[in-house]
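Here are my notes on this one, point by point. Have the model open while you read.

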Amino acid sequence: MIVSRPGYRVWFGVAVVVLVLLASAGCSARIRNVPAPSASALQRPFTVMTTDRITVVDPAAVSDQGSMILVENVFQRLTTSLPGQSQVAPGVWAYKPDLAQECSFPSTSAFVCTLRPDLTFSNGHPLTSADVKFSIDRAIRLAVPGSSASALDSVQRIETPDARTVRFVLRRYDKQFGWALAGPAASIVDHTVYSSDAIQARNAPIVGSGPFRVTALENNRLKLARFDRYQGRTPAQLSALQVLTEPDSASVESAMNDHRADLVWRGLSPAALSRLANQVQVSTNRTTAAGFSQQVLPGARVQQLRWNPGSDHRNNRALRAAVADTLQEDRTLDSLVPPQIPGHRAAFPVGGRPHATITWANLIPLTLGFDPSVADGKRTADQLRNQLEATGGLSVQIRADDHDADLQLEDRKAWTPTAISWLQPLLEEPLRSSAATIRQADDQVRTGGPQAASSALTALQTRAAEDKVVLPLTQQNEYIYTASGIKIMPTSFGPGWHLGLWGITRQL
């Protein structure tokens, strides 16, 4: 069992949770009476197709969703979990070991992990506690905004009494710390390959200990091969595969029709998804016209609108209120924490008529950044602009890949399935007037008992609705399409519903 109180060993491996999650999530692929894959499909590399871009190859610096397909599959962390589930029972955490053999809280100020024996990186170098210390210290030192590094801020120092033991000395009893070690910034890298003070360049070696190793990374193509010396919970089933980034939804749909894709992950427009869903509905085999089966990840896609901390307009309380109120009618999420996550509390108004009154003498110019690799990113940005300009007091320019824009439209997946991880944008970039209150509530979530932690989570979500620096917009299903003969295990996802390629099989 898994225990969160000091003095008890944290045993991992509650296999029953897998079955509970899968039954509740409805993620099992519906493949019936499908023909075997064609000879041409078997001759080419197994191909995963997406529009997500791999922009960062260093796990300590990953803050975008597209790069996670590399980080999730090539690097390893001390702990991991099933997607979307944070607790087995109240106060009993669902994280499990991956690189670690076991972890425990011997006291309120220490978290100790024992590594699996005879670990190696994909370059053949041994992986020891020295690499773990180097990697975690490095992530904390680099402190890349938007990465999961901020979850590690309870670390005071890291001790390595021997090659297999890592002792985290904590500045506070942090019940969330096991989850911090499951985030991408806590991925373990080879201390002889990575710099302690700089982010690894895209053309530099990519060395991890995960289920796959990188054999090539080109402009739009990631080639992976199974790492046969991997030790962990998720060994790869396929010997090799490639991930192709296509420019748009039409290219992905064309590849499906031409049987050039085996699995499609994100990138299909709402219109394409509707067409494919209709084809599945009328098919006796429950497949698309091209023979693809549809797998649904309920509520796995969340959209938010975030004020850029560098924006000159962010401190204008009336402006933040007007933006939030203008979007209220179409908002489907009432909190930064989605409703299926333990600790969710309704905080933002949803539906009804906006009440904002624009009284400024001149139009206020705003810029809105979006990710063009998201299939409906431009369309959603246009809709937001139309809503905001309808107030009569705002003028909005939309800009692709502009990270300095006043407002950022973001597809959001939390790094781990915990309420505190979903609240990260608020915790990392609070208003100065709210910083002390937010810091105190965050500390209470991590250190307090169940009732105190629940009250603190409510306070944080309420504060988010009052400050309006991050606005929840919508929650939607995410879809995966698999070609004839392809199956993907429902456990083939990371803690935040990021795609794990290890659970893919192909019927010969």
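1. Which residues of the largest nonpolar core touch the most other members? Keep in mind that this is a predicted model. The core has 87 residues, and the ones to click on are Phe111, Val132, Phe168 and Leu501.

2. Take Phe168 and skip its neighbours within four places in sequence. What's left in contact with Phe168 is Leu78, Ser109, Ala110, Phe111, Val132, Ile136, Val155, Arg157, Ile158, Phe177 and Leu181. Phe111 and Val132 turn up in that list, and both are also among the core residues that touch the most other members.

3. There's another core, lying apart from the largest one. This one has 43 residues, including Ala381, Ile398, Leu407 and Leu409.

4. Now the overall picture. The chain has 13 helices and 21 strands. Of its 508 residues, 56% are buried. If you look at contacts between residues at least 6 apart in sequence, 71% of them join residues at least 24 apart.

5. The crossing of H12 past H13 is left-handed.

6. Who makes that contact? From H12 it's Thr437, Ile438, Ala441, Asp442, Gln444 and Val445, and from H13 it's Ala452, Ala453, Ala456, Leu457, Leu460, Arg463 and Asp467. Sorted by class, the H12–H13 contact has 8 nonpolar, 2 polar and 3 charged residues.

Technical notes:
Residues numbered from 1 in each chain as written. Predicted model: local features only at pLDDT ≥ 70, side-chain atom pairs only at ≥ 80, totals over all residues. Heavy atoms only, no water. Left-handed = near helix turned anticlockwise from the far one by under 90°. Helix = DSSP H or I, 4+ residues; strand = E, 2+ residues; numbered from the N terminus. Contact = heavy atoms within 4.5 Å. Nonpolar A, V, L, I, M, F, W, Y, C, P; charged D, E, K, R; others polar. Core = buried A, V, L, I, M, F, W, Y, C linked by side-chain atoms within 4.5 Å. Buried < 20%, exposed > 50% of the residue type's maximum accessible area, 1.4 Å probe, protein only.
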